[in-house]
Amino acid sequence: MTVAQTPATLRQPIDGRHRQMFVDGAWVDARSGRTMETRNPATGAVIATVPRGDRQDVELAVAAARKAFDGPWSRFKPYERQVLLLRIADLFEKHWEEISRSDTTDMGMPIVRTLANRTRVIGMLRYYAGMATSLHGETIENSLPGEIVSFTRKEPVGVVGAIIPWNAPTAASIWKIGPALATGCTVVLKPSEEAPLTPLLIADLMNEAGVPPGVVNIVTGTGGEAGAALAEHKGVDKIVFTGSTATGQSIVRASAGNLKRVSLELGGKSPVIVCADADLDRAVPVAAMSVFANSGQICIAGSRLFVERSIHDEFVARLAAYARGLRIGDGIDPATEIGPLVSEKQLQRVAAYLEAGTAEGATLVTGGTRLMEGELAAGNFVAPTVFAGVSDEMRIAREEIFGPVISALPFDTLDEAIERANNTPYGLAAGVFTQNLATAHQLSRKIRAGSVWVNTYHAIDPAVPFGGYKMSGYGREGGAEHLDEYLNTKGVFIKID
């Protein structure tokens, strides 16, 4: 495999050097002086050290965000916020290859995928820019005696604490920071300790774009230290979090101190339903990549594959053949389709599920092993895996694996498929493959999930709300509803007689 070399002209070279975090418009180290390593999951090499921030650093960042919110940032007009977001979008476009390379090197996503996220991420920034001048309240006729005018105002909620995972650093950062800038909020963002480098690059670009000091702050550190301190901080008005359901529950408990607003995009165990009339040539690769993309490290992964019994065996055979044909390697190689898992810890977690699947009686059709050949030996690589003979009670069919593992389950009727698809504590996403319009409408209406894709998967647009049902969280990212998550609505009454 040919590994592309990092250009010498990169804004933030990936060379093992120390990176500082960004607080109040300045690059700083942790007050404690502690650091932590971040490694390339394809090679195991240390690619940087970053500050291990904790409560002290969160205090400073929140204070900076509050000062900016109450100060200069509060005087920015909607048009000025729009111009700023458009300037950021232009810088992202200019530096997109570097941003993509940073994500790939830090967490393993294949470069072809990170590069392909360009339209989505830059589209989000420009969508938020457009929305910045579209926020408004409304005049409401009231039934009170006398001449009283009543109306509402939309006002920024204040200081936002944003905590993001490692599986999509660029998109996750912009999904949090973009609406905050559009609405006039300020942000303290805590990236995952597994992939902190791209958010620091983003802070650099936003600083160049002219974001005032304190408006965007990046505190690196662990979830147990920096993340927990941010979630419970009484100076934070809102927490927005993407990650595991267990951590989301902890954040809800931590938020009770000042009853801060909370938005959560949590785990999933998404069903994909393939009907007998589906176009199999389309369904096989899309269903496969609904899980195998990003090595299964996607909250919306369609890991429960329900296939109508009459086509089940053929579909599983074709799915396994597709999986065996995927090219696995270092994500920086443009030919790579499946990269590594993010860390040794995640590798061990996935390996435990592979063992559990076999132990509980599932049939391993393909994959199921760590890959140790040649250059893969130094990284965290797992072969794309398909299990058949899976029952709904097995752990691989119930629990979020966050790895390249598909569980195939046959069904006989649509009512059965709907009941089993909904028999999960999660409700983030679902997929349907059918050529029958009535079936498409029936399933998309009855499946309890925040997003349902028919004859496609992973379709996410800045203008369309995204979020979960049940234990997959609450609140929406995308669309006008996303901006509402960062706004308070104030009712005003003025007596004029």
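Which side chains meet in a salt bridge at 3.2 Å, N to O? They are those of Glu193 and Lys190, and this report returns to that pair below.

## About the model

This is a predicted model, in which local features need pLDDT of at least 70 and side-chain atom pairs count only at pLDDT 80 or more, while totals for chains, interfaces and linings use all residues. Residues are numbered from 1 along each chain as its sequence is written, and side-chain values use heavy atoms, with hydrogens and water left out.

## Salt bridges

Side chains of opposite charge can pair when their charged atoms come close. Here a salt bridge means a side-chain nitrogen of Lys or Arg within 4 Å of a carboxyl oxygen of Asp or Glu. By this rule the count is 26 salt bridges. In the opening pair, Lys190 is buried at a relative accessible area of 2%, whereas Glu193 is partly exposed at 29%. (Buried means under 20% relative accessible area, exposed over 50%, and partly exposed in between, with a 1.4 Å probe and protein chains only.)

Asp54 and Arg34 also join their side chains in a salt bridge, at 3.5 Å from N to O. Asp54 sits in the loop between strand E4 (46-51) and helix H1 (55-70), and Arg34 in the loop between E2 and strand E3 (35-39), so this pair ties together parts that are 20 residues apart in sequence. Helices (H or I, at least four residues) and strands (E, at least two) are DSSP runs, numbered from the N terminus. With 13% relative accessibility, Asp54 counts as buried, while Arg34 is partly exposed at 33%.

Next comes the salt bridge between the side chains of Arg52 and Glu225, at 3.0 Å from N to O. Distant parts of the chain are linked by this pair: Arg52 is in the loop between E4 and H1, and Glu225 is in helix H8 (residues 223-232), 173 residues apart. Arg52 has 28% relative accessibility and counts as partly exposed; Glu225 is partly exposed too, at 24%. Through salt bridges that share partners, Arg34, Arg52, Asp54 and Glu225 are joined into one network.

## Empty space inside

Rolling a probe the size of a water molecule over the atoms shows where empty space is left. The search uses a 1 Å grid over the protein atoms alone: a cavity is a set of points where a 1.4 Å probe fits but cannot get out, a pocket is an open set with protein on both sides within 12 Å along at least five of seven lines, and lining residues have an atom within 4 Å of a point. Grid points are joined across faces, edges and corners, and a volume is the space filled by probe spheres set on the points.

Across the whole structure there are 6 cavities of 30 Å³ or more. The largest cavity has a volume of about 80 Å³. Its lining has 13 residues, and Ala301, Ser303, Glu400, Ile401 and Phe402 lie nearest its centre. Sorted by class, that lining has 7 nonpolar, 4 polar and 2 charged residues. In this sorting, Ala, Val, Leu, Ile, Met, Phe, Trp, Tyr, Cys and Pro count as nonpolar, Asp, Glu, Lys and Arg as charged, and the others, Gly among them, as polar.

## The second largest pocket

The second largest pocket holds about 290 Å³ of space. Of the 18 residues that line this pocket, Pro78, Arg81, Lys154, Pro156 and Thr183 lie nearest its centre. Helix H2 (78-94) and E6 are the elements that give two or more residues to the lining, and E6 gives the most, with 4 residues. The lining divides into 8 nonpolar, 6 polar and 4 charged residues.

## A nonpolar patch

Strand E6 (residues 148-156) also contains Val149, which is partly exposed at 34% relative accessibility. Val149 forms a nonpolar patch on the surface with Ile494 and Ile496, and together they have about 240 Å² of accessible area. Patches are made of residues with over 30% relative accessible area and no salt bridge, joining like charges within 9 Å and nonpolar side chains (Val, Leu, Ile, Met, Phe, Trp, Tyr) within 5 Å. Accessible areas come from the Shrake-Rupley method with a 1.4 Å probe, and for residues, only the protein chains shown count as cover.

## Two positive phi angles

Most residues other than glycine have a negative phi, and most peptide bonds are trans. Asp24 is not a glycine, yet has a positive phi of about 55°; this residue lies in the loop between strand E1 (21-23) and strand E2 (26-28). His458, also not a glycine, has a positive phi of about 65° and lies in the loop between strand E19 (451-454) and strand E20 (469-470).
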